[in-house]
Amino acid sequence: MSTESVVWIVVAVIAVLIVAALVVALLRRRTAQRRDEAERLRTDAHQKSFDVGREEALAEERAARARIAAAEADAKQAQADRLRKEAGAAETEAAASRADLDAQWQRADEIDPGVRHRADSVDGETSRGESPTPSHAVDDSVPEERRQYPGA
């Protein structure tokens, strides 16, 4: 082998070593950059985990408030239903009482010889110039809520 060949072989080996050293250096640098990036991401994720935990706690608190409000609304609805039912029963009872009272007034008018009835009057008036409708009768032209009942 000639010296020139040996020189070329040595130059080639040195070139390969230099390229290998550059590749190793680049890989180490890239690995270091990736580690730095990963550490930065971990730090950022750690910080965000506190923020996300706080957001989750707020969301759970709002959900709890919503459940409480729904329960209160259900209770109010049940109360409204109960009151509606009680009002209906009271209206039914009042109507029955009114019917009993009207029947009592009518019976009193029937047995009182001084009260003249429509069948007894010729011109629609009693002998005293009054309307044949008893004084206790309810005026249907007045709305129910504005009526005034005797003794009430």
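How many salt bridges does the count come to? The count comes to eight, where a salt bridge is a side-chain nitrogen of Lys or Arg within 4 Å of a carboxyl oxygen of Asp or Glu. Keep in mind that this is a predicted model, so local features need pLDDT of at least 70, side-chain atom pairs count only at pLDDT 80 or more, and totals for chains, interfaces and linings use all residues. Residues are numbered from 1 along each chain as its sequence is written, and side-chain values use heavy atoms, with hydrogens and water left out.

**The overall picture**
- Of the 152 residues in the protein chain, 3% are buried; buried means under 20% relative accessible area, exposed means over 50%, and partly exposed is in between (1.4 Å probe, protein chains only).
- Accessible areas come from the Shrake-Rupley method with a 1.4 Å probe, and for residues only the protein chains shown count as cover.

**Salt bridges to look up**
- Lys-48 and Asp-44 are joined by a salt bridge at 3.4 Å, N to O. Both sit in helix H1, four residues apart, which is about one turn of the helix.
- Lys-48 counts as partly exposed because its relative accessible area is 47%, and Asp-44 is partly exposed too, at 34%.
- Arg-65 and Glu-61 also meet in a salt bridge (3.4 Å, N to O). This pair lies in helix H1 with a spacing of four residues, about one turn of the helix.
- Arg-65 has 48% relative accessible area, so Arg-65 is partly exposed; Glu-61 is partly exposed at 41%.
- Glu-60 pairs with Arg-67 through a salt bridge of 3.2 Å, N to O, and Glu-60 is partly exposed at 46%.

**A nonpolar patch**
- Met-1, Val-6, Ile-9, Val-10, Val-13, Ile-14, Leu-17, Ile-18 and Leu-22 make a nonpolar surface patch, with about 870 Å² of accessible area together.
- Patches are made of residues with over 30% relative accessible area and no salt bridge; like charges are joined within 9 Å, and nonpolar side chains (Val, Leu, Ile, Met, Phe, Trp, Tyr) within 5 Å.
- One of the patch members, Val-13, belongs to helix H1 (residues 3-111). Val-13 counts as partly exposed because its relative accessibility is 45%.

How values were computed: Helices (H or I, at least four residues) and strands (E, at least two) are DSSP runs, numbered from the N terminus.
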